[in-house]
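Subject: Handover of a two-chain model

Dear colleague,

Please find below the structure that I am handing over to you. My notes on it come after the display.

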Amino acid sequence: MTERVAAGGITTHVARLDATRAPDTGEPPLVVFVHGLLTDSLASYYFTLGPAFAAQGIDTLMYDLRGHGRSDRPASGYRLEDFVGDLVALLTELGETRPAHVVGNSFGGTVAVALAAWHPERVATVTMIESEPPVATWTRHMADGLADARTRLAHAEAFGWIARHHGAHTARLSQGAHRILRTTTLADDVPASRVIDDDLGALTRPLLAIFGGDSGLAEQVPHLRARVADCRTVVLAGQGHSVLIEQPVRTRDLILDWVRDHTPVAEPVP
Amino acid sequence: MNTRTDPDTVLADLAGMLGKVVAEYGLVDAEITRETTFHDDLELESIDLVVLSGSLRDHYGERVNFAEFVAGLELDEIIALTVGRLVDHVVASLDAGAPA
């Protein structure tokens, strides 16, 4: 089901797919999916991972980040701490108390790590798909990437070029991205976000990190493995940044295994 | 008594739901037929399909699982999806749960 939920001062578009079979024991695990910036929405999960997770006995919660999809698009307030605050307010409004397995794609993975660092009681495990934790170097990468996107999309003729080279679908997504950049302070706010220390000491929850071997982000693997106590890393050879869209089945299986391995087996009732 | 679902009724239902989704874009006059494509004709984005999915569930209940249907399609198929193909899916889903 889909609904619009007022929480934390904005209205958030939410889609929930509840577990369609009873869990083996106890109550079903909860997986929260967080999408990426600008060209993304909850649809990236709704039509890929969501149904499969529900079929495996997992309650799933997907939502549109502020400024994206069918959620509100306030003019300002796009620092990482705002996105994390939205998610905490949403979980509270929905009466959700189970620590969640939080799965984030790209920027969504950064939101997931930040939630785990600042509200560990909300989080069972974190999954990053092609993401960076919210450390100082991340803010510099975001500043560069967003400045580049703003420059390129500011030229109206870019959409014609994108349509010719990448197809009408990508061109339409780019128009949506331009709308966000033109009407909000997101490009200035994200790089000014609150961060955690480089040593990742703030992250005390288990971490699954999935990377495309060709995207450059996989360079983080040794650092993540050295710093996070319960850490699983997977690098998909020959794959770029679009792991979720181009390898949904592989991604689904990796995360399902991870959630299963981190779901406590309830003691049988005597 | 004939319990089979009438595809024309489903098409009319879908046209009503789609009318609400596209009204936000000022496309209220768009005529919706079996050949209408979600992407090129109605210019729906994937997030609009999520909203449509919610409308389908509200109208038909658990028997019509649009998310599962779309999850089984390739990206190219989603982009080429027609109203007629969704009508067929809805009819098949409803008839699968009805007595023959």
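Predicted model: local features only at pLDDT ≥ 70, side-chain atom pairs only at ≥ 80, totals over all residues.

Residues are numbered from 1 along each chain as its sequence is written, chains are lettered from A and ligands numbered from 1 in the order in which they are written, and side-chain values use heavy atoms, with hydrogens and water left out.

The sheet of chain A

In chain A, eight strands make up an open sheet with mixed pairing, and their order is E1-E2-E4-E3-E5-E6-E7-E8. Helices (H or I, at least four residues) and strands (E, at least two) are DSSP runs numbered from the N terminus, and two strands pair if DSSP finds at least two bridges between them. The edges are held by strand E1 (2-7) and strand E8 (231-236) of chain A; each has a single partner strand, so one side of each is left without a neighbour in the sheet. From one strand to the next, the twist averages 20°; axes are lines fitted to C-alpha atoms, for helices over the stretch in contact, and angles run from 0 to 180 degrees between N-to-C directions.

Strand E6 (residues 123-129) and strand E7 (residues 207-212) of chain A run parallel and are joined by four bridges. Opposite Met128(A) stands Ala209(A) in E7(A). Helix H3 (residues 80-93) of chain A lies across E1, strand E2 (10-17), strand E3 (30-34) and strand E4 (59-63) of chain A, and runs at about 110° to E1(A).

Ile58(A)

Ile58(A) is located in the loop between helix H2 (50-55) and E4 of chain A. Is Ile58(A) buried or exposed? Its relative accessible area is 5%, so Ile58(A) is buried (under 20% relative accessible area; exposed is over 50% and partly exposed in between, with a 1.4 Å probe and protein chains only). Leaving aside residues up to four places away in sequence, Ile58(A) touches several residues, among them Leu17(A), Val31(A), Phe53(A), Leu256(A) and Val259(A); contact means heavy atoms within 4.5 Å.

The interface of chains A and B

The size of an interface is often given as the accessible area lost when the parts come together. Here, chain A and chain B bury about 1,700 Å² between them, and 64% of it is on carbon and sulfur atoms; buried area is the accessible area (1.4 Å probe) that two parts lose on being put together, summed over both. Chain A contributes 18 residues to the contact and chain B contributes 22 residues.

One salt bridge is found across this interface, a salt bridge being a side-chain nitrogen of Lys or Arg within 4 Å of a carboxyl oxygen of Asp or Glu. It lies between the side chains of Arg70(A) and Asp48(B), at 2.6 Å from N to O. On the chain A side, E2, helix H1 (43-46) and helix H7 (168-183) each supply at least two of the residues that touch chain B.

Salt bridges within the chains

Over all chains, the whole structure holds 14 salt bridges. In chain A, Arg260(A) pairs with Asp257(A) in a salt bridge whose closest N and O atoms are 3.1 Å apart. Both residues belong to helix H11 (residues 248-261) of chain A and are three residues apart, so about one helical turn separates them. Arg260(A) is partly exposed at 47% relative accessibility, and Asp257(A) is partly exposed at 38%.

In chain B, Asp95(B) forms a salt bridge with Arg4(B), with 3.8 Å between the closest N and O atoms. Asp95(B) lies in helix H5 (residues 83-96) and Arg4(B) in the segment before helix H1 (7-23) of chain B, so this pair ties together parts that are 91 residues apart in sequence. Asp95(B) is buried at 12% relative accessibility, whereas Arg4(B) is partly exposed at 47%.

Chain B as a whole

Chain B has five helices and zero strands. Of its 100 residues, 43% count as buried. Among contacts in chain B between residues at least 6 apart in sequence, 65% join residues at least 24 apart.

With kind regards
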